[in-house]
Each structure stands twice: as C-alpha cells, then as structure tokens.
Amino acid sequence: MKSFFQILLITIMVVVSFFFYKKYFAQNEVEKLISTEIDKDINLKNNDNLINNDNLINNDNLINKFKYEVKLVDNGRFEIKAESSKVETTNDGENISMNDVGAIFIDEINREIKIRSNKANFNTTSNNINFFGEIEVKYLNNLILANKLDFNYKNNNIKIHENIFYKGSYGSVQADNIEINLTTRNLRIFMNSQNDKIKIISNR
C-alpha cells in the first residue's frame, strides 16, 4: 500500500512538472523563437531596402547599380544610372566615375531627354556631369550622336560637342556644338570657328 502511494505521488509530481514546463518554459522558448524570427525578418527587409537603393559601396569605393536623382531649378528632375561606379575624393568634392551610363531629364510637363554613354563623371557637390565615349541623345523626334556631353546644373543646360551628328524630322546636321537650354528647351547649333559652316542635309 505504501509503495502504491509512493508511485502515485511520483506520478502526480511528474504530471505537475510536465504541465509547469509546458506552461512556462516551453512558452518562453516559443516566444524566443518568434522574437528571433521577427528580428531576422526585419533585418532581411532592411537589407532589401539597401539592395533596392542600389548604392552599395564596398571597401574599394566601388558602387554596383548606381542610381541618383536630382531636382532641377525649373520643377523638372534628372535621374542618372550606371552599371558600375567608383567614388573618388577630389579638391572639388566627391566625384563618381561611372560606366555604362543612362540618364534622363524630365521637365514639368513630362517632356524627356534621354542620354546613353559609355562613361561619365558626376560631381556630387556641383551636380555637374560630364558624359563621354559613344553618346546617344534622344529628344522628341531628334537623335544626336557625339563623343562628349556636359550638363551644367547651375545654368540648367546641356552642351554636346565633338563629332556631332544630328538627325531630326527635317534632315541631318553635322556641327561642332549643340546646346539645349533645359528651362526654355531652345536648341542652338554652332561651330567653334565663325569661318566654319554647319553642314545640313535636308529631307525636303
């Protein structure tokens, strides 16, 4: 009889201990697990945001999938992207040298000027950009090919020069320089020397 009560008492203690563990210790473990998973999820979301921003700088100051947007003085905006870039510190501030570059200027009524080039240098202090290499500019029904293009943020204008070929609705033009005022959208074509003439081939 005494042995029976001892076994019964041990059984009751085991059962009570089991429910006590389930109620407190197991619940704490679950809470810890849930908390850990939430932290992991938050970290992953934060990492996704960094990846979406694309401007990830490594120890060599290299940036993959660079993207930058600037508001213009006439309520327009400017966006530039590059497949790869490198940040360099100069006397004028930070300069970003870019490869395989695409850029777009959009004015307040959503007119676009699209630019593609092999390379570009972007000064983050002045917001000035120098494109070079094989440059292609698309504006309305106009196509401009050249080797150099300079964007001046303060003056809000684009200067295209060196080996220019311009093709529009009315024909093609070969000249030394083309300037586009991003505020007025006026286009000016001119030569370096007044003695040289602009070559025009008309479709009409």
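Biologist: At what relative accessibility does Glu136 stand?

Modeller: This is a predicted model, with residues numbered from 1 along each chain as its sequence is written. Local features need pLDDT of at least 70, side-chain atom pairs need pLDDT 80 or more, totals for chains, interfaces and linings use all residues, and side-chain values use heavy atoms, without hydrogens or water. Buried means under 20% relative accessible area, exposed means over 50%, and partly exposed lies in between (1.4 Å probe, protein chains only). Glu136 counts as partly exposed, because its relative accessibility is 30%.

Biologist: Which residue meets the side chain of Glu136 in a salt bridge?

Modeller: Side chains of opposite charge can pair when their charged atoms come close. A salt bridge needs a side-chain nitrogen of Lys or Arg within 4 Å of a carboxyl oxygen of Asp or Glu. Here the N to O distance is 3.9 Å. The partner of Glu136 is Lys138.

Biologist: How many salt bridges does a search of the whole structure find?

Modeller: One of them joins Glu69 and Arg77, with the closest N and O atoms 4.0 Å apart. Glu69 is partly exposed at 46%, and Arg77 is partly exposed at 32%. The search of the whole structure gives a total of 10.

Biologist: Asp107 and Arg111 are linked in a network of salt bridges; which other residue belongs to it?

Modeller: Start with the pair. The closest N and O atoms of Asp107 and Arg111 are 2.5 Å apart. Asp107 is buried at 4%, while Arg111 is partly exposed at 29%. The network also includes Arg185.

Biologist: Are the rings of Phe66 and Tyr68 stacked or edge-to-face?

Modeller: Rings of Phe, Tyr and Trp (its six-membered ring) pair if their centres lie within 6.5 Å; planes under 30 degrees apart are stacked, over 60 edge-to-face, and the rest tilted. The structure holds six aromatic pairs. In this one the centres are 6.3 Å apart, with 5 degrees between the planes. The pair is stacked.

Biologist: How many residues does the largest nonpolar core have?

Modeller: Such a core is a set of buried Ala, Val, Leu, Ile, Met, Phe, Trp, Tyr and Cys residues joined through side-chain atoms within 4.5 Å. Ile115, Phe131, Ile158 and Ile160 have the most contacts inside it. Strands that each supply at least two of its residues include β2 (62-71) and β9 (171-181); strands are DSSP runs (E, at least two residues), numbered from the N terminus. The size of the largest core is 36 residues.

Biologist: With which residue does the side chain of Asn177 make a polar contact?

Modeller: Asn177 is found in strand β9, and counts as buried at 2%. A polar contact is a pair of N or O atoms within 3.5 Å; within protein, one must be able to donate a hydrogen and the other to accept it, and residues adjacent in sequence count only if both atoms are side-chain atoms. In this contact the distance is 2.7 Å. The partner side chain belongs to Asn192.

Technical notes: Helix = DSSP H or I, 4+ residues; strand = E, 2+ residues; numbered from the N terminus.
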